[in-house]
Amino acid sequence: MSQNAEPPRQPAARPVSRDVSDLFSGGRLTAIPRKAVRREQLLVHLAETLFTVERTYTEPEVNEALRTVHEDCSALRRYLITSGLLTRTRDGRSYRRSTTTL
């Protein structure tokens, strides 16, 4: 009898392994990806490289960090919030990087 080998497991919902360097030119993001999976990869990269888990940020600090890579900091901020990578207080005064493991 042959043994049934389990197929390889698919990666978690937030794929981090794919390189996002092709989205940047001269350290700047050339465009925010339209495809959700690719955008999520970018957002994970931005959260990990621009924000520290233990620190609380004001909205201007979040915007300043995001402007280092792209002029549309508002869109990036919204995407980070809706993806759960950044959390925001109800009054919108402070932001934190999510401590959820990927």
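Visitor: What covers the buried residues of helix 2?

Guide: The cover includes helix 1 (36-50), strand 3 (56-57), helix 3, strand 4 (86-88) and strand 5 (95-97). This is a predicted model, where local features need pLDDT of at least 70, side-chain atom pairs count only at pLDDT 80 or more, and totals for chains, interfaces and linings use all residues. Residues are numbered from 1 along each chain as its sequence is written, and side-chain values use heavy atoms, with hydrogens and water left out. Helices (H or I, at least four residues) and strands (E, at least two) are DSSP runs, numbered from the N terminus.

Visitor: Which residues of helix 2 are buried?

Guide: Buried means under 20% relative accessible area, exposed over 50%, and partly exposed in between (1.4 Å probe, protein chains only). In helix 2, Val-62, Asn-63, Ala-65 and Leu-66 are buried.

Visitor: Where do the buried residues of helix 2 fall, seen down its axis?

Guide: Start with the general idea. An α-helix has 3.6 residues a turn, so residues three or four places apart point the same way. Here the buried residues of helix 2 line one face, because they fall within an arc of 165° seen down the axis; the arc is that of the directions from the helix axis to the C-beta atoms. Pro-60 and Glu-64 are exposed, on the face turned away from that buried side.

Visitor: How do I read the angle at which helix 2 and helix 3 cross?

Guide: Axes are lines fitted to C-alpha atoms, for helices over the stretch in contact, and angles run from 0 to 180 degrees between N-to-C directions. Angles under 35 degrees count as roughly parallel, over 145 as roughly antiparallel, 65 to 115 as roughly perpendicular and the rest as oblique. The axes of helix 2 (residues 59-67) and helix 3 (residues 73-82) cross at roughly 110° and come within 9 Å, which means that helix 2 is roughly perpendicular to helix 3.

Visitor: Which residues make that contact?

Guide: Contact means heavy atoms within 4.5 Å. Helix 2 brings Glu-59, Val-62, Asn-63, Leu-66 and Arg-67, while helix 3 brings Cys-73, Leu-76, Arg-77 and Leu-80.

Visitor: And at what angle do helix 1 and helix 3 pack?

Guide: Their angle is about 95°, with the axes 10 Å apart, so helix 1 and helix 3 are also roughly perpendicular to each other. Arg-39, Leu-43, Leu-46 and Ala-47 of helix 1 meet Leu-76, Tyr-79 and Leu-80 of helix 3.

Visitor: How many helices and strands are there in the protein chain?

Guide: There are 3 helices and 5 strands, in the pattern β-β-α-β-α-α-β-β along the sequence.
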